[in-house]
Amino acid sequence: MGYPDQRFNVNLSILFTELPLLERPAAAAAAGFTAVELWWPWIETPTPDRSELDALKKALDDAGTQLVGLNFYAGQLPGPDRGALSVPGEESDRFRANIDVAADFAASVGCKALNALYGNRVDGVDPAAQDELALENLVLAARAADRIGAILLIEALNKPESPRYPLVSAPAAIEVVDKVNAATGLGNAKFLLDLYHLSMNGEDLHEVIEKYTDRTGHVQIADNPGRGAPGTGDLDLAGLLDRLRKAGYEGWVGLEYKAGDRPSAESFEWLPRPQRAAN
């Protein structure tokens, strides 16, 4: 029951950020973790130099950490952006330029899940036009993910923190998942179920788990309020993860929380060290 039954990974784009990127895999390993995930690390460019990609691969390999989730290029994240694929013009072009770069890097490190953040609504642009562009780009991303044997993740964020992001409920994200799968016939688009974001939206988490676990490809957690470590807020994260497990979810649970004012390595006391290494 609770945490011992889960396969946890650490999100190195929100934890261990007090360290340079290439030092974070080793820090996660020193804390007892064997699996990690990342937002797109190069926010300024969708197409970093080969040397930068190789250096990150080496850091992951040297630490003995498995990359289990990677975002496609998503603009300034953290920052004002929430993705690029539905934003017409340069940002959509940058997303497309990133698709094969991200997929090939994922393949090189054995990562089997790629997350495509939808992007904010843009003033003066018809939302229907943005949704049409989004579907075109998500189809390309799903095909690239399929090429490397990976899934494509579609994430719902929360409206208070991302007011211009259109996918701010589980049903909204699931609708996009279904549209992508219908368009490609591949069936590899899945829901990224983030318990923090859904709780911020006031959704019935038990109902979401009951309805959508079979279409969920990845789970992320943080407590609410505050987006801190489990036990710092009011969410019964152990109970919710139990429900997910009983509903058939056997995938990764990403730790996507803020460590607060202390070093990231001190934020894991809620999880006994023997339970940190991936089963």
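Biologist: What volume does the largest pocket have?
Modeller: The largest pocket holds about 360 Å³ of space. On a 1 Å grid over the protein atoms alone, a pocket is an open set of points with protein on both sides within 12 Å along at least five of seven lines, whereas a cavity is a set of points where a 1.4 Å probe fits but cannot get out; lining residues have an atom within 4 Å of a point. Grid points are joined across faces, edges and corners, and a volume is the space filled by probe spheres set on the points.
Biologist: Before we go on, what kind of model is this?
Modeller: This is a predicted model, in which local features need pLDDT of at least 70 and side-chain atom pairs count only at pLDDT 80 or more, while totals for chains, interfaces and linings use all residues. Residues are numbered from 1 along each chain as its sequence is written, and side-chain values use heavy atoms, with hydrogens and water left out.
Biologist: Which residues lie nearest the centre of the largest pocket?
Modeller: Trp 39, Leu 77, Arg 82, His 197 and Arg 227 do, out of 19 lining residues. By class, this lining has 6 nonpolar, 7 polar and 6 charged residues. Ala, Val, Leu, Ile, Met, Phe, Trp, Tyr, Cys and Pro count as nonpolar, Asp, Glu, Lys and Arg as charged, and the others, Gly among them, as polar.
Biologist: And what is the volume of the second largest pocket?
Modeller: Its volume is about 160 Å³. The lining has 13 residues, and Tyr 118, Asp 131, Leu 167, Val 176 and Lys 179 lie nearest the centre. This lining divides into 9 nonpolar, no polar and 4 charged residues.
Biologist: Which helix gives the largest share of that lining?
Modeller: Helix 5 does, with 5 residues. Helices (H or I, at least four residues) and strands (E, at least two) are DSSP runs, numbered from the N terminus.
Biologist: Turning to cavities, how many are there of 30 Å³ or more?
Modeller: A search of the whole structure finds 2. The largest cavity has a volume of about 70 Å³, and among its 14 lining residues Glu 37, Gly 69, Leu 70, Asn 71 and Gln 220 are the closest to the centre. Strand 3 supplies the largest share of this lining, 4 residues.
Biologist: What about the second largest cavity?
Modeller: About 40 Å³ of space lies in that cavity. Its lining has 7 nonpolar, 2 polar and no charged residues; Trp 39, Trp 40 and Ile 43 are among them.
Biologist: Now helix 2: which residues are buried there?
Modeller: Leu 53, Leu 56, Ala 59, Leu 60 and Ala 63 are buried, meaning under 20% relative accessible area, with exposed over 50% and partly exposed in between (1.4 Å probe, protein chains only).
Biologist: What do the buried residues of helix 2 pack against?
Modeller: They pack against helix 1 (24-30), strand 2 (35-38), strand 3 (66-71) and helix 3 (90-109), where contact means heavy atoms within 4.5 Å. Just after helix 2, Gly 64 takes a positive phi of about 75 degrees.
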